[in-house]
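Colleague: Could you take a close look at one part of this model and walk me through it in a connected way?

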Amino acid sequence: MIINQEILMGLGIVVVIYLLSKFLFRTSKVDDDYKRVYDDVLTSKEYKVKGQYDK
């Protein structure tokens, strides 16, 4: 019985850690907007430096 309780407690701890990590480290809409603007700046002709893409 003690071994079964330890296994259940261990699985419970793993599930709680998984849920906390999903809750705390999820991607937010701000990050998506930032990434979109960042990609636009990198690939737009308006911000292109002379010779940036020429090789």
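**The loop residue and its surroundings**

Modeller: Phe25 is exposed, its relative accessible area being 69%, where exposed means over 50%, buried under 20% and partly exposed in between (1.4 Å probe, protein chains only). This is a predicted model, in which local features need pLDDT of at least 70 and side-chain atom pairs count only at pLDDT 80 or more, while totals for chains, interfaces and linings use all residues. Residues are numbered from 1 along each chain as its sequence is written, and side-chain values use heavy atoms, with hydrogens and water left out.

Phe25 sits in the loop between helix H1 (2-24) and helix H2 (29-43), helices being DSSP runs of H or I with at least four residues, numbered from the N terminus. Together with Val16, Leu20, Phe23 and Leu24, Phe25 makes a nonpolar surface patch of about 580 Å²; such a patch joins nonpolar side chains (Val, Leu, Ile, Met, Phe, Trp, Tyr) within 5 Å, from residues with over 30% relative accessible area and no salt bridge.

From first C-alpha to last, H1 reaches 33 Å, close to the 33 Å expected at 1.5 Å a residue, a span taken as 1.5 Å times one less than the number of residues.

Asp40 is partly exposed at 41% relative accessibility, and Arg36 is partly exposed at 48%.

Notes:
Patches are made of residues with over 30% relative accessible area and no salt bridge: like charges are joined within 9 Å, nonpolar side chains (Val, Leu, Ile, Met, Phe, Trp, Tyr) within 5 Å. Accessible areas come from the Shrake-Rupley method with a 1.4 Å probe; for residues, only the protein chains shown count as cover. A salt bridge is a side-chain nitrogen of Lys or Arg within 4 Å of a carboxyl oxygen of Asp or Glu. Helices (H or I, at least four residues) and strands (E, at least two) are DSSP runs, numbered from the N terminus.
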